[in-house]
Amino acid sequence: MVFSSFTFLIYFLPAFLLVYFLVPGTWKNLVVFVASLLFYYYGVREHPLYVLLLILSIAVNYMAARHMEKGKGKRRRQICLAMGMTWNIGCLFVFKYADFFSSNLNLLFDRAGLTVAIPYIHFVLPIGISFYTFQISSYLIDVYRRKIKAENSILTLGTYLCMFPQLIAGPIVTYSQVETQMKQRECSIGNLEDGFREFTVGMALKVLIANRVGYVWTQVNSIGFESISCPLAWLGIVAYTFQIYFDFYGYSLMAKGLGRIMGFDFPDNFQDPYLSCSMTEFWRRWHMTLGSWLREYVYIPLGGNRKHLYRNLFCVWMLTGLWHGASWNFILWGLILFLLIVLEKWKLLKAFDRWPLLGRVYMILAIPLSWLIFAVGDLKQLSIYLWRLFPLYHASGNVVYSGDFMKYGTLCFWPLTAALLCCTGVVRKLYETKKYTFIMTLGLVLLFWACVYCMYMGLDDPFLYYQF
């Protein structure tokens, strides 16, 4: 179920809020849990057993954590942790990576002249499995570290994992961040108002900017990379750069707004990443909850900055690439980000500190080119697109419509302009300054109904991060 859809706005959300605010505080977790399972079921209704998979994940981790806390010996705690993590990572591997590894192993066997063939599973990827696997794994690891105590109530743990605002695409929230709120939280008119304001801003970013600039990237894919001009190739990847940001940023704000309505305070996921002067800075500002998770549960345990720095960075960026998808382009994307960050730590950061303009120019090229590798799954098609971006290195006999840039640039001029302006952070600062004024409130109402109109016209595309 997409937040920016009539199904969610007209049916699910009003019904949920009516029940949620009517029941006493002790029943609110049950309402959230049941509503979240219904929300998830709607998304996986063609594969209803995936709801059972989610419930089993709750049960397995609940029991592993409880047995871990009861165990006095370190060995028992390690066994409980290993069993829980085997389930978590095992499920993620089977559903997301098994066929990728099977296809590559079969290719190696074939080239080696072996008749061995590993069968394919062909499972459909359960929605949100990457997010909720990391989230429940952080809970189990924190219990093992004695950072938090194992939750006594399976309902409370289930509510934490299944909360529909962030179940499908984050932000990744650790249990320690919401432990107190899970048991006692404020549900007030003020939170309701602030939550709807944040939700409306996020919906506007998604529907009015991300969906509209994404139209250019969709058309570029429909035309075929062989038949686009150099200017349209650049326009297409710039459009995708804006689309993925405002799509995911918009979702994160909508999730945070829904959480605020329910009395939760979810962490920020973005901090003006396109203002960064280096890739190192960019990944401190982009998808911050994922970065925080990887730092806390992978990078620091491996040794962090203290020892084997480059090995640790390599592991983190390979995991980042694989986490986003089981495809070679994601591995290549992670590898290139690793190399860029190593170069920055070696020499470039000092140069960017001395000449900030150099860092700006560098990131103007690095950001869209890195997203190109992320977006194009076929490596052959990726090479064709790069030839279109840099035509001096490739001569093609394909017929190219010379006016394609003007056609699509004109159609998306205003959404692209709005995207560029919103990337600067000026709009957000203005919103925060004038948040409770009549003019800003009126503006939010107009944005809400503009989104509703676009949804009525069929512009309620799924969020990009649903596929991860």
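How many helices and how many strands are there in the protein chain? The chain has 20 helices and 0 strands, where helices (H or I, at least four residues) and strands (E, at least two) are DSSP runs numbered from the N terminus.

## Basis of the model

This is a predicted model, in which local features need pLDDT of at least 70 and side-chain atom pairs count only at pLDDT 80 or more, while totals for chains, interfaces and linings use all residues. Residues are numbered from 1 along each chain as its sequence is written, and side-chain values use heavy atoms, with hydrogens and water left out.

## Overall form

The protein chain has a radius of gyration of 23 Å, which agrees with the value near 23 Å for a compact globule of 468 residues. The radius is taken over C-alpha atoms, and the globule rule is 2.2 Å times the number of residues to the power 0.38. Along its principal axes, the C-alpha trace spans about 70 × 70 × 50 Å.

Of the 468 residues, 52% count as buried; buried means under 20% relative accessible area, exposed over 50%, and partly exposed in between (1.4 Å probe, protein chains only). Among contacts (heavy atoms within 4.5 Å) with a separation of 6 or more, 75% involve residues 24 or more positions apart. The accessible surface comes to about 22,400 Å², and 67% of that area belongs to carbon and sulfur atoms. Accessible areas come from the Shrake-Rupley method with a 1.4 Å probe; for residues, only the protein chains shown count as cover.

Helix H4 covers residues 74-111 and spans only 46 Å between its end C-alpha atoms, whereas a straight helix of 38 residues would span 56 Å. The expected span of a helix is 1.5 Å times one less than its number of residues. H4 has a kink of about 60° centred on tyrosine 97, the bend at a residue being the angle between axes fitted to the seven residues ending there and the seven starting there.

Just after H4, glycine 113 takes a positive phi of about 80°. Histidine 122 lies in the loop between H4 and helix H5 (129-144). The phi of histidine 122 is also positive, near 60°, in a residue other than glycine. With a relative accessible area of 62%, histidine 122 is exposed.

The 35 residues of H9 should span 51 Å, and its end C-alpha atoms are 50 Å apart, which agrees. H9 bends by about 30° at alanine 210 and is followed by glycine 224, whose phi is positive, near 105°.

Tryptophan 217 lies in H9 (residues 189-223) and is buried, with a relative accessible area of 8%. Leaving aside neighbours within four places in sequence, the residues in contact with tryptophan 217 include Phe225, Ile237, Tyr240, Leu372, Val376 and Tyr385.

## Cysteines and histidine 308

A disulfide is counted as a pair of cysteine sulfur atoms within 2.5 Å, and the count comes to 0 disulfides. For cysteine 187, which is in no disulfide, the nearest cysteine sulfur is that of cysteine 162, 19 Å away. Cysteine 187 is partly exposed at 26% relative accessible area, and cysteine 315 counts as partly exposed at 32%.

Histidine 308 is placed in the loop between helix H12 (288-302) and helix H13 (309-324). Although not a glycine, histidine 308 has a positive phi of about 55°. Histidine 308 is partly exposed, with a relative accessible area of 49%.
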